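Okay, thanks everyone, I'll keep this short. Have a look at the chain on the screen, and I'll walk you through the fold piece by piece.

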Amino acid sequence: MAESITQRQPLADWNKGKPDLDLSGAQWRSGSRGLGDVQIAFVEGFVAMRNSDRTEGASLIFTPAEWGAFVSGARAGEFDLT
């Protein structure tokens, strides 16, 4: 039986066309209960998101419209895996 291979977009391409933001002074926030796996920061009109377990790793950068679409989808259960 052949295994299916899922093509993933390289992380380096995720922020293509977005500014190179200096996140060194960003004020990172965890979820409302502090239990989340990600942290977000609002920097220069963009939203940055990173893995709270690997804070030295890459951050994803969202425009306000992209972030709004993501939050709306999450609230609607679009990303529920259970």
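Let's start with helix H2, residues 64-75, which lies across S1, S2 and S3 and runs at about 100 degrees to S3. For the bookkeeping: helices (H or I, at least four residues) and strands (E, at least two) are DSSP runs, numbered from the N terminus. Axes are lines fitted to C-alpha atoms, for helices over the stretch in contact, with angles from 0 to 180 degrees between N-to-C directions; contact means heavy atoms within 4.5 Å.

A word on where this comes from: it's a predicted model, where local features need pLDDT of at least 70 and side-chain atom pairs count only at pLDDT 80 or more, while totals for chains, interfaces and linings use all residues. Residues are numbered from 1 along each chain as its sequence is written, and side-chain values use heavy atoms, with hydrogens and water left out.

Zooming out, the chain has two helices and three strands, and going from the N terminus the order is α-β-β-β-α.

Now the sheet. It's open, with three strands ordered S1-S2-S3 and antiparallel pairing; two strands pair if DSSP finds at least two bridges between them. On average, neighbouring strands are turned by 25 degrees against each other, direction ignored. S2, residues 46-51, pairs with S3 over three bridges, and Met49 stands opposite Leu60 in S3.

What sits in the loop between S1 and S2? Glu44 does, and its phi is positive, about 50 degrees, although it isn't a glycine. Glu44 counts as exposed because its relative accessibility is 60%. The cut-offs: buried is under 20% relative accessible area, exposed is over 50%, and partly exposed is in between (1.4 Å probe, protein chains only).

On to the packing. A nonpolar core here is a set of buried Ala, Val, Leu, Ile, Met, Phe, Trp, Tyr and Cys residues joined through side-chain atoms within 4.5 Å. The largest one has seven residues: Leu21, Ala26, Trp28, Ala41, Val43, Ala48 and Ile61. Leaving out residues up to four places away in sequence, Ala26 touches Ala41 and Val43. There's also a second, separate core of six, including Val47, Met49, Phe62 and Trp67.

Last item, the whole chain: 23% of its 82 residues count as buried. That's me done, so over to you.
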